[in-house]
Amino acid sequence: MKYRTDMEYYLKLYPEYEKLYINECFICHMKGCKPDLFERTGEKLSYTAKRITKFFNRLELNEIGICEQCAKFY
Ligand SMILES: [Zn+2]
């Protein structure tokens with residue numbers, strides 16, 4: 001998907017946003033929004049944060065930084 005690739009490119013240019021808003025599973029390297037991005041609806045989200053929530057699905061990581069899917073196997 002083209003947009004998805006654009007977004008990943010964008011995040012490479014602005015790694016500070018990636019740190020703030022993106023979770024990455026350290027096993028499968030799937031990327032997604034930090035769940036708290038969606039919970040902060042009362043607050044004004046920055047333009048970037050809003051864009052990110054459109055391009056990435058919510059990704060919950062457990063306490064050791066792996067996604068639900070990978071957690072099933074470890
Ligand atoms: Zn994973």
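Of the 74 residues of the protein, 16% count as buried; a residue is termed buried if 20 or more other C-beta atoms lie within 10 Å of its own, exposed if 12 or fewer, and partly exposed in between, with C-beta atoms placed from the backbone. The model is predicted: local features need pLDDT of at least 70 and side-chain atom pairs count only at pLDDT 80 or more, whereas totals for chains, interfaces and linings use all residues. Residues are numbered from 1 along each chain as its sequence is written.

The secondary structure comprises five helices and two strands, arranged from the N terminus in the order α-α-β-β-α-α-α. These elements are DSSP runs numbered from the N terminus, with helices (H or I) of at least four residues and strands (E) of at least two. Contacts were defined by C-beta atoms, placed from the backbone, that lie within 7 Å of each other. Among contacts between residues at least 6 apart in sequence, 56% join residues at least 24 apart.

The largest nonpolar core consists of five residues, namely Tyr21, Cys33, Leu37, Ile52 and Phe56. Such a core is a set of buried Ala, Val, Leu, Ile, Met, Phe, Trp, Tyr and Cys residues joined through C-beta atoms within 7 Å. When residues up to four places away in sequence are not counted, Ile52 touches Tyr21 and Cys33.

Asparagine 23 is located in strand β1. This residue is classed as buried because 21 other C-beta atoms lie within 10 Å. Leaving aside residues up to four places away in sequence, Asn23 is in contact with Gly32, Lys34, Leu59 and Leu61. Between Asn23 and Phe56, which are 33 residues apart in sequence, the C-alpha to C-alpha distance is 10.0 Å.

Histidine 29 occupies the loop between β1 (22-24) and β2 (31-33). Although His29 is not a glycine, its phi is positive, at about 60 degrees. His29 is exposed, because 8 other C-beta atoms are found within 10 Å.

Arginine 51 belongs to helix α4, which spans residues 47-55, and is partly exposed because 16 other C-beta atoms lie within 10 Å. The C-alpha atoms of Arg51 and Met7 are 8.7 Å apart in space, while the two residues are separated by 44 residues in sequence. Glutamine 69 is part of helix α5, residues 68-71. Since Gln69 has 12 C-beta neighbours inside 10 Å, this residue counts as exposed. A distance of 9.7 Å separates the C-alpha atoms of Gln69 and Cys25, which lie 44 residues apart along the chain.

Conventions:
Contact = placed C-beta atoms within 7 Å.
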